[in-house]
Amino acid sequence: MREKARLFLETTKPDFKVGLLFAKKKTEEVKKERLTLFFDDMKERTASQLQWHLQQYVQDLVKNQNLTDPDLIRQVQQFEIPLEPHDLIETVKAGATINGDYVLTYAKDVADHIKKKSHAIIIRALCANRTEQNGAR
């Protein structure tokens, strides 16, 4: 993953360029390819390493709060970590020097971004459910 992150990060530098002839087209193709490779790897890792734990946490939370709304339970069971390619792009710090330390910092920043985004979605769903339950009373 680090190597894919490093290769992607290289493409975010303003002076990144590939080839001499048709350089603009080649550069864009390489940028897109590296983003796709890194995104696919992150999506797979997120699903395998974070998805299950997050679903378990939310299911336990729903159970402990005695929430019984079938729609909420279905949402929790079908919850997917919201990762999009633009998340990887937005997390890059402009002007950062691409080295081993920054790659690790960037990976941590991406993980934090994913967690915050997931947390916000879960909280919105739980709050919406609470609002609906209070309105029904």
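Predicted model: local features only at pLDDT ≥ 70, side-chain atom pairs only at ≥ 80, totals over all residues.
Trainee: How do you know whether aspartate 41 counts as buried or exposed?

Mentor: Its relative accessibility is 12%, and buried means under 20%, so aspartate 41 counts as buried.

Trainee: What makes valine 92 count as buried, given its relative accessibility?

Mentor: Its value is 19%, and since the limit for buried is under 20%, valine 92 falls within that class. The residue is found in the loop between helix 4 (85-90) and helix 5.

Trainee: Which residues is valine 92 in contact with, leaving aside its neighbours within four places in sequence?

Mentor: Under that condition, Phe8, Leu9, Thr12, Tyr102 and Tyr106 are in contact with valine 92. Leucine 37, by its position, is 55 residues from valine 92 in sequence and 16 Å from it in space, taken from C-alpha to C-alpha.

Trainee: Which residues have the most contacts inside the largest nonpolar core?

Mentor: That core has 25 residues, and those with the most contacts inside it are Phe8, Leu9, Phe38, Met42, Val62, Leu88 and Tyr106. At least two residues of this core are supplied by each of helix 1 (2-11), helix 2 (23-64), helix 3 (70-78) and helix 5 (100-136). As for valine 62, when residues up to four places away in sequence are not counted, it touches Leu67, Leu72, Ile73, Val76 and Leu126.

Trainee: How do you know where the buried residues of helix 1 lie around its axis?

Mentor: The buried residues in helix 1 are Ala5, Phe8, Leu9 and Thr11. Viewed down the axis of helix 1, its buried residues fall within an arc of 150°, and therefore they line one face of the helix.

Trainee: Why is the pair of glutamate 10 and arginine 6 called a salt bridge?

Mentor: The closest N and O atoms of glutamate 10 and arginine 6 are 2.3 Å apart, and because the rule asks for a side-chain nitrogen of Lys or Arg within 4 Å of a carboxyl oxygen of Asp or Glu, the pair qualifies as a salt bridge. Side chains of opposite charge can pair when their charged atoms come close. Since the two residues are four apart in helix 1, about one helical turn separates glutamate 10 from arginine 6. Glutamate 10 has a relative accessible area of 24% and is partly exposed, and arginine 6, with 27%, is partly exposed as well.

Trainee: What makes aspartate 87 and lysine 117 a salt bridge?

Mentor: Their closest N and O atoms are 2.8 Å apart, which is set against the limit of within 4 Å, and the pair therefore counts as a salt bridge. Aspartate 87 belongs to helix 4 and lysine 117 to helix 5, 30 residues apart, and the pair links distant parts of the chain. Aspartate 87 has a relative accessible area of 2% and is therefore buried, whereas lysine 117, at 23% relative accessibility, counts as partly exposed.

Trainee: How do you know that lysine 108 counts as exposed?

Mentor: Exposed means over 50%, and lysine 108 reaches 51% relative accessibility, so it counts as exposed. Its salt bridge is with aspartate 112, with the closest N and O atoms 2.9 Å apart; both residues lie in helix 5, four residues apart, about one turn of the helix. Aspartate 112 is partly exposed, at a relative accessible area of 24%. Elsewhere, salt bridges that share partners join Glu3, Arg6, Glu10 and Arg34 into one network. By this rule the salt bridges come to a count of seven.

Trainee: Why is leucine 21 called exposed?

Mentor: Its relative accessibility is 62%, and as the class begins over 50%, leucine 21 counts as exposed. Leucine 21 sits in the loop between helix 1 and helix 2, and together with Leu20 and Phe22 makes a nonpolar surface patch of about 450 Å².

Technical notes: Residues numbered from 1 in each chain as written. Heavy atoms only, no water. Core = buried A, V, L, I, M, F, W, Y, C linked by side-chain atoms within 4.5 Å. Buried < 20%, exposed > 50% of the residue type's maximum accessible area, 1.4 Å probe, protein only. Contact = heavy atoms within 4.5 Å. Arc of directions from axis to C-beta. Patch = residues over 30% accessible without salt bridge, like charges linked within 9 Å, V, L, I, M, F, W, Y side chains within 5 Å. Areas by Shrake-Rupley, 256 points an atom, 1.4 Å probe, with all protein chains shown as cover.
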